[in-house]
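Here is a walk through one protein model. Keep the sequence and the structure in view as you read.

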Amino acid sequence: MAASLVSFKCEKTMHSKEINFDTDIYNTIRKNIRKYRLEKGLTSAELAEMVDLSHDFIRQIQSEKVAYNFSVETLYRISKALDVPIDVLVAKEEKEKIVS
């Protein structure tokens, strides 16, 4: 299932700015946690030990099937353990542009 973005434009301020909200933010974060964990060569069990959480909980966080929500503190701990800024973990991966 493709994630969608919701746009919001504030007309009440002098500076009009469109904001795009990721309506599937938890799945974006899940994918990024898994991506950066694998890049670091860590297993789910190793990451769980680093952040003082259970292996099952880390697996559930990364699973799209379970869709388990998690706290900001958990996100912060994972971010620190993976040495990846939180803003990178919440960033939507941009699709590669096809050059013809």
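**Helices that pack together**

H1 and H4 pack at an angle of about 25°, and their axes lie 10 Å apart. That angle makes H1 roughly parallel to H4. Angles under 35 degrees count as roughly parallel, over 145 as roughly antiparallel, 65 to 115 as roughly perpendicular and the rest as oblique. Axes are lines fitted to C-alpha atoms, for helices over the stretch in contact, and angles run from 0 to 180 degrees between N-to-C directions. H1 and H4 cross in a left-handed way. A crossing is left-handed if the near helix is turned anticlockwise from the far one by less than a right angle, and right-handed if clockwise. On the H1 side, the contact is made by Ile29, Ile33, Tyr36 and Arg37; on the H4 side, by Leu75, Ile78 and Leu82. Contact here means heavy atoms within 4.5 Å.

This is a predicted model: local features need pLDDT of at least 70, side-chain atom pairs count only at pLDDT 80 or more, and totals for chains, interfaces and linings use all residues. Residues are numbered from 1 along each chain as its sequence is written, and side-chain values use heavy atoms, with hydrogens and water left out.

H1 also meets H3. Their angle is about 120°, with the axes 8 Å apart. That makes H1 oblique to H3. Arg30, Ile33, Arg34 and Arg37 of H1 make this contact with Gln60, Ile61 and Gln62 of H3.

Now step back to the whole chain. The protein has 5 helices and 2 strands. Along the sequence they follow the pattern β-β-α-α-α-α-α. Helices (H or I, at least four residues) and strands (E, at least two) are DSSP runs, numbered from the N terminus. Of the 100 residues in the protein, 29% are buried. Buried means under 20% relative accessible area, exposed over 50%, and partly exposed in between, with a 1.4 Å probe and protein chains only. Take the contacts between residues at least 6 apart in sequence: 47% join residues at least 24 apart.

What lies inside? The largest nonpolar core has 17 residues, and Ile33, Leu47, Ile58, Ile61, Ile78 and Leu82 touch the most other members. Helices H1 (25-39), H2 (44-51), H3 (55-62) and H4 (72-82) are the elements that give two or more residues to this core. H4 gives the largest share, 4 residues. A nonpolar core is a set of buried Ala, Val, Leu, Ile, Met, Phe, Trp, Tyr and Cys residues joined through side-chain atoms within 4.5 Å. Look at Leu82. Leaving aside neighbours within four places in sequence, Leu82 is in contact with Ile33, Tyr36, Arg37, Lys40, Leu42 and Leu47.

Arg37 lies in helix H1. Is this residue buried or exposed? Arg37 is buried, with a relative accessible area of 5%. Beyond neighbours within four places in sequence, Arg37 is in contact with Leu42, Thr43, Ser44, Leu47, Gln62 and Leu82. The side chain of Arg37 reaches the backbone oxygen of Leu42 at 2.7 Å. Arg37 and Ile78 are 41 residues apart along the chain, and their C-alpha atoms are separated by 9.3 Å.

Next, find Asp22 in strand E2 (residues 18-22). Asp22 is buried, with a relative accessible area of 17%. A polar atom of the Asp22 side chain lies 2.8 Å from the backbone nitrogen of Asp24. The side chains of Asp22 and Thr28 are joined by a polar contact of 2.6 Å. A polar contact is a pair of N or O atoms within 3.5 Å; within protein, one must be able to donate a hydrogen and the other to accept it, and residues adjacent in sequence count only if both atoms are side-chain atoms.

Thr28 leads on to Lys92. Their side chains make a polar contact of 3.4 Å. Lys92 sits in the segment after H5. Lys92 is partly exposed, with a relative accessible area of 36%.

Two loops close the tour. Most residues other than glycine have a negative phi. Asp52, in the loop between H2 and H3, has a positive phi near 60°. Asp52 is exposed, at 65% relative accessible area. Asp83, in the loop between H4 and helix H5 (86-89), also has a positive phi near 60°. Asp83 is exposed, at 62%.
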